[in-house]
Amino acid sequence: MKIRRVTPALIKMAAEYAEVDPERIMSRPRFPPLPELRFAISYVAHKYYKLSLPRIASEMDKRNHTTILYHVRKAKRLMRNPEFSNLVAHLKAEIEKVAA
């Protein structure tokens with residue numbers, strides 16, 4: 001099965017991982033774990049799947065590409081946190097399973 005739109009698939013997988021509604025991930029609130037999930041989704045889509053920032057922005061509820069740039073930079077700093085790096089590894093592994 002080939003995934004055409006990586007970001008929505010990542011949103012769904014992140015929601016399942018954190019046991020939250022996918023719509024909550026894309027909502028405005030900044031309460032944990034929502035921002036961290038958005039950071040991880042943006043990071044995986046950009047780093048591992050080489051999606052452009054504008055494309056990720058359009059797939060993530062029409063956010064501005066500079067917001068996605070912030071997400072990616074913040075995620076790089078958060079990679080030192082074992083919980084966050086486990087989330088990123090989980091998302092990458094899950095999307096690779098589905099894409100195979």
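**Close-up views of a predicted model**

**View 1. Tyrosine 43 and tyrosine 48 form an edge-to-face pair.** Tyrosine 43 counts as buried, at 5% relative accessibility. This is a predicted model. The ring centres of tyrosine 43 and tyrosine 48 are 6.3 Å apart and the planes meet at 90°, so the pair is edge-to-face. Over the ring of tyrosine 48 sits the charged end of lysine 92, 4.8 Å from the ring centre.

**View 2. Phenylalanine 39 and tyrosine 70 make up one of the two aromatic pairs in the structure.** Their ring centres lie 5.9 Å apart with the planes at 75°, so this pair is edge-to-face. Phenylalanine 39 belongs to helix α3 and tyrosine 70 to helix α5; the two are 31 residues apart, and the pair links distant parts of the chain. Phenylalanine 39 is buried, with a relative accessible area of 9%, whereas tyrosine 70 is partly exposed at 45%.

**View 3. Helix α5 covers residues 65-78.** Its 14 residues reach 20 Å from first C-alpha to last, close to the 20 Å expected at 1.5 Å a residue. At the N-terminal end, asparagine 64 caps α5, with a side-chain oxygen 2.8 Å from the backbone nitrogen of threonine 66.

**View 4. The buried residues of α5 are Ile68, His71, Val72, Ala75 and Leu78.** Down the helix axis they fall within an arc of 125°, so they line one face of α5. These buried residues pack against α3 (34-47), α4 (53-59) and α6 (82-99). Exposed Arg73 and Lys76 are carried on the face of α5 turned away from its buried side.

Conventions. Residues numbered from 1 in each chain as written. Predicted model: local features only at pLDDT ≥ 70, side-chain atom pairs only at ≥ 80, totals over all residues. Heavy atoms only, no water. Helix = DSSP H or I, 4+ residues; strand = E, 2+ residues; numbered from the N terminus. Expected span 1.5 Å × (residues − 1). Buried < 20%, exposed > 50% of the residue type's maximum accessible area, 1.4 Å probe, protein only. Arc of directions from axis to C-beta. Contact = heavy atoms within 4.5 Å. Polar contact = N/O pair within 3.5 Å; in protein donor to acceptor, adjacent residues only side chain to side chain. Phe/Tyr/Trp six-rings, centres within 6.5 Å; stacked < 30°, edge-to-face > 60°. Lys NZ or Arg CZ within 6 Å of the ring centre and 35° of its normal.
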